[in-house]
Amino acid sequence: MTAACLMSTYQPLALSFTRGLGTRLWDRQGREYLDAVAGVAVTNVGHSHPRLVTAISEQAGLLLHTSNLYSIDWQQRLAQRLTQLSGLDQVFFNNSGAEANETALKLARLHGWKKGIGEPLVVVMENAFHGRTLGTMSASDGPSVRLGFQRLPGDFIKVGFGDLKALDAVTREFGARIVAVLLEPIQGESGVQPAPPGYLKALRDHCTRNGWLLMLDEIQTGIGRTGRWFAFQHEGIVPDVMTLAKGLGNGIPIGACLARAAVAKLFTPGSHGSTFGGNPLACRVGCTVLDIIEEQGLLENATQQGERLLARLRVELNEHPQVLAIRGQGLMIGIELAVPQRNLVQRAAQEHGLLINVTRGKIIRLLPPLTIDSKEVEMIVRAIAHLL
Ligand SMILES: *Cc1c(COP(=O)(O)O)cnc(C)c1O
């Protein structure tokens, strides 16, 4: 088999899996791996969860798709669950994270338009990642995402993540044109960078004072990843807009944009839409994922095992010359190395049967399923201590 007929946007490893169950994956040769990537924070309740297998096969036998020309029961149920869990009022369903962020950006545009702002600007963060569509790519930072795609929609102003002085400066200069701030509570793709303490609260106040929307991209941090349903719940604030995807479908594509009522009402019939978005299959899966997290106590498990993993890594890698920092929240943990190390991902898989992710060349990112147990935490710690 050859990949010659695929566009070369990815550089996949020579590793391929045929089966998964819980926290484990098996390759063609039948070798077992412990999955500390979870498809990049997607399979939060683990692979092939029996309740999901039942929900998917049952729904496939009943109804997959009807379009949004008709009301969809599972869509309404999932919207109700998500609004109850988040404190936000209404939901629009998409198929992916980038699309959910596009929905948020469209709301920001309407918010400005309503206020008579002709050339609206959205404040975004250095090292942010929001997706690969033209709009979300423009809101993201870093040459690897943007290079060669000019001219990008230029309606974003970038500030340092956590830098309130920079925010004041852009407020003075562009305040009258700014309509929203978009950010990740913990930056994921740039290497698990949590917002500094108090930053989200300060942003919340700043947005309220200035009539801007606070828009949180919780695509990676949401659905229990950090030990709460949503990362903002650690901070005692509520955003105006929040986007979700990844863990919400556990592998079935789904995205969601949630908003406060006053903001959600900016959309009127015809102002936004999606063919697949919110279909019965994806929404039933979303509901089932939330049920599983609740019934299996996975928020508590993510908190406990996350604390254990962080503490054990700090002990085992204490004063390791290669390790600059170990940080994160819940089961979203980064280990920043002093210099890039070759073949870390391959060696972890080959030598230890452990799947890890490395971002920016030198930050190990751990995103195991929220079902992980203490023994598996120890396996990860041992493997990484050996690797470095
Ligand atoms: C993965 C991710 C996205 C993009 O989601 P897609 O489903 O790949 O479009 C956007 N924002 C954050 C924070 C992400 O982690």
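Ile 219 counts as buried, because its relative accessibility is 8%, where buried stands for under 20% relative accessible area, exposed for over 50% and partly exposed for what lies in between, with a 1.4 Å probe and protein chains only. The model is a predicted one, in which local features need pLDDT of at least 70 and side-chain atom pairs count only at pLDDT 80 or more, whereas totals for chains, interfaces and linings use all residues. Residues are numbered from 1 along each chain as its sequence is written, and side-chain values use heavy atoms, with hydrogens and water left out.

Ile 219 sits in the loop between β10 and β11, where strands (E, at least two residues) and helices (H or I, at least four) are DSSP runs numbered from the N terminus. Apart from neighbours within four places in sequence, Ile 219 is in contact, that is, with heavy atoms within 4.5 Å, with residues including Gly 97, Asn 101 and Lys 246.

Glu 218 is found in the loop between β10 (213-217) and β11 (241-244), and Glu 218 is buried, with a relative accessible area of 0%. The side chain of Glu 218 makes a polar contact of 2.8 Å with the side chain of Thr 221; such a contact is a pair of N or O atoms within 3.5 Å, of which, within protein, one must be able to donate a hydrogen and the other to accept it, while residues adjacent in sequence count only if both atoms are side-chain atoms.

In an unreviewed entry, UniProt lists both Glu 218 and Ile 219 under "binding site", where Gly 97 and Thr 275 are also among the residues named. The listed residues are spread over 179 residues of sequence and, in space, up to 25.3 Å between C-alpha atoms. Such annotations may be inferred rather than shown by experiment.

Aromatic pairs are a further topic. The whole structure holds four of them, where rings of Phe, Tyr and Trp (its six-membered ring) pair if their centres lie within 6.5 Å, and planes under 30 degrees apart count as stacked, over 60 as edge-to-face and the rest as tilted. Two of the pairs are set out here.

| Pair | Centre to centre | Angle between planes | Type |
|---|---|---|---|
| Phe 17 and Tyr 33 | 5.4 Å | 80° | edge-to-face |
| Phe 92 and Phe 267 | 6.4 Å | 55° | tilted |

Phe 17 lies in strand β1 and Tyr 33 in strand β3, 16 residues apart. Phe 17 is partly exposed at 31%, whereas Tyr 33 is buried at 4%. Both Phe 92 and Phe 267 are buried.
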